[in-house]
Amino acid sequence: MSQIVDILIVGAGPAGTTLARSLALKGLHPLLIERAILPRHKPCGGGIPARTEALLGFSIEPVGGCRVTSIALDGAWTGRRIYGLDPSHGLTVVDRARFDEFLARKAVEAGAELRENCGARRVTRLANGFFSVETTRGDTIEARRIAVCDGVFSPTGKALGFPPNVTGFCLEGVMPMPGNISSEARSRAIFNLAMARGGYAWSFPRNDGFAIGIGGPCSNGRFLKKRLRYFLARTPELRGHRLNKLFGGMIPDFAAPRKVYVDRGAWLVGDAAGLVDPLSGEGIYYAITSAIHATESILSNDEQLYGRRLAENLLPELALAARVAARFRSKIPLLIGLALSWPSFGDRAKRFVDLLTGQTSYRDLYAELRPQINKGGQ
Ligand SMILES: Cc1cc2nc3c(=O)[nH]c(=O)nc-3n(C[C@H](O)[C@H](O)[C@H](O)COP(=O)(O)OP(=O)(O)OC[C@H]3O[C@@H](n4cnc5c(N)ncnc54)[C@H](O)[C@@H]3O)c2cc1C
């Protein structure tokens, strides 16, 4: 027996849950399927800038995130720069398992149907334009329209003929809160730009400890474990403490816009569409924004509107981010670390902090850096 639905959403991360909630709020009855049982682990730093929370339209307070009060930028062995954060433009760090479960609950409250432990296993396009999805529960769902929100590997997207994402690699884990730590350090995020070429190491404060990780383009993969150990050893707050467990995670590496984001009733949203900032690795904002654009496109029965909205609102920023990232990747990490200690570098480093907290755009940053980028032939 197969069930027939109007709209099927595959994957209950920030993209799928936001799409399910916003469609349900407009009176549709989307079916959201998730292969895991929530809460499920998702490799992620869990950094949520205020602009992302504003997009959701509800407070994420119930998730119990940690408000970051300052950001430290560290170099290789040189000193550190610390920037205080304005709480209204700040960064909250959440446990992704709880955050995603909370978003899924919001979608269900709005009227979406959530089916957990229900992975899309075999996805085909039928002659009548519908999609047939065999699930890991052994049943089949036929859908008139499908939203592909199944993350970086996007097996559903691949089955429907969308090209796979180029990816980068990260390692992440949680360190229980060390006992001897000052109250400022308990709410400070640390970035070290000198640990991985084209990427960085981070420590984000959570209520239960620090979410720690390192990531960059895939070529860094085999060095990352060693570099993570070095990061822990040279960061005063973390030195001598251990991570609970280390997870590997892939992240889309946006280099250029895709040619196609929507095709005959199938929308590609969030990580599945490769919409992640290639410099910072921030993806939750893009997952939620693309879900909002997909909602508008689905409700208006205008598929091409999705591509237009992405082209207006997200893709130019990401394309500029890719240019800045290419420039960053061409630098030897040690030099970036050394540059951090130059007094004149302070303003530029502050701009990186503004980007991380969503207070500036790549358009503004690129305008500032254009003379050097053009000189460098990028
Ligand atoms: C180590 C690391 C650190 C990161 N740190 C940050 C950060 O601090 N801030 C930030 O903004 N971004 C961060 N990101 C990026 C961020 O995690 C992603 O961009 C974001 O999760 C994308 O959301 P999504 O809903 O598109 O995909 P996901 O969150 O990956 O959700 C996809 C869902 O689909 C489900 N699924 C997969 N296949 C199937 C299937 N066949 N059937 C049904 N369900 C399926 C999965 O179980 C999953 O629940 C980080 C990424 C990594 C790897």
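Two strands count as paired when DSSP finds at least two bridges between them. Strands (E, at least two residues) and helices (H or I, at least four) are DSSP runs numbered from the N terminus. With that in hand, S12 and S16 pair in the antiparallel sense over seven bridges. The model here is predicted, so local features need pLDDT of at least 70 and side-chain atom pairs count only at pLDDT 80 or more, while totals for chains, interfaces and linings use all residues. Residues are numbered from 1 along each chain as its sequence is written.

## Strands

Gly-173 has Leu-246 of S16 as its bridge partner.

Elsewhere, three strands form an open sheet in the order S3-S7-S4, with antiparallel pairing. Its edge strands, S3 (47–49) and S4 (66–68), each pair on one side only. On average, neighbouring strands of this sheet are turned by 30° against each other, direction ignored. S4 and S7 (residues 91–93) are joined by three bridges, and Val-68 stands opposite Leu-91 in S7.

## Around the ligand

Which residues are closest to the ligand? They are Gly-11, Gly-13, Gly-151, Gly-270 and Gly-283, out of 40 residues that surround the ligand. A residue belongs here if its C-beta atom, placed from the backbone, lies within 6 Å of the molecule. H1, H4 (155–159), S12 (167–176), S15 (209–217), S16 (246–252) and H7 each supply at least two residues of this shell. By class, the shell has 18 nonpolar, 15 polar and seven charged residues. Ala, Val, Leu, Ile, Met, Phe, Trp, Tyr, Cys and Pro count as nonpolar, Asp, Glu, Lys and Arg as charged, and the others, Gly among them, as polar.

## Helix contacts

Axes are lines fitted to C-alpha atoms, for helices over the stretch in contact, and angles run from 0 to 180 degrees between N-to-C directions.

| Helices | Axes come within | Crossing angle |
|---|---|---|
| H1 (residues 14–25) and H7 (residues 284–299) | 8 Å | roughly 35° |
| H7 and H8 (residues 303–313) | 8 Å | roughly 145° |

Residues are in contact if their C-beta atoms, placed from the backbone, lie within 7 Å. The H1 side includes Pro-14, Leu-19 and Leu-23, and the H7 side includes Ile-284, Ile-288 and Ile-298. This contact of H1 with H7 holds 11 nonpolar, four polar and no charged residues.

Towards H8, the H7 residues include His-293 and Glu-296, while those of H8 include Glu-303, Tyr-306 and Arg-309. The contact of H7 with H8 divides into four nonpolar, five polar and three charged residues.

## Backbone details

A few spots in the loops are worth a look. The peptide bond from Leu-38 to Pro-39 is cis, with omega near -5°, and Pro-39 lies in the loop between S2 (31–33) and S3.

Asn-117 has a positive phi near 55° without being a glycine, and is found in the loop between S8 (113–115) and S9 (120–125). Ser-154, also not a glycine, has a positive phi of about 35° and lies in the loop between S11 (140–148) and H4.

Are these two residues buried or exposed? A residue is buried if 20 or more other C-beta atoms, placed from the backbone, lie within 10 Å of its own, exposed if 12 or fewer, and partly exposed in between. Asn-117 has 13 such atoms, so Asn-117 is partly exposed. Ser-154 counts as buried because 26 C-beta neighbours lie inside 10 Å.

Conventions: Two residues are in contact if their C-beta atoms, placed from the backbone, lie within 7 Å.
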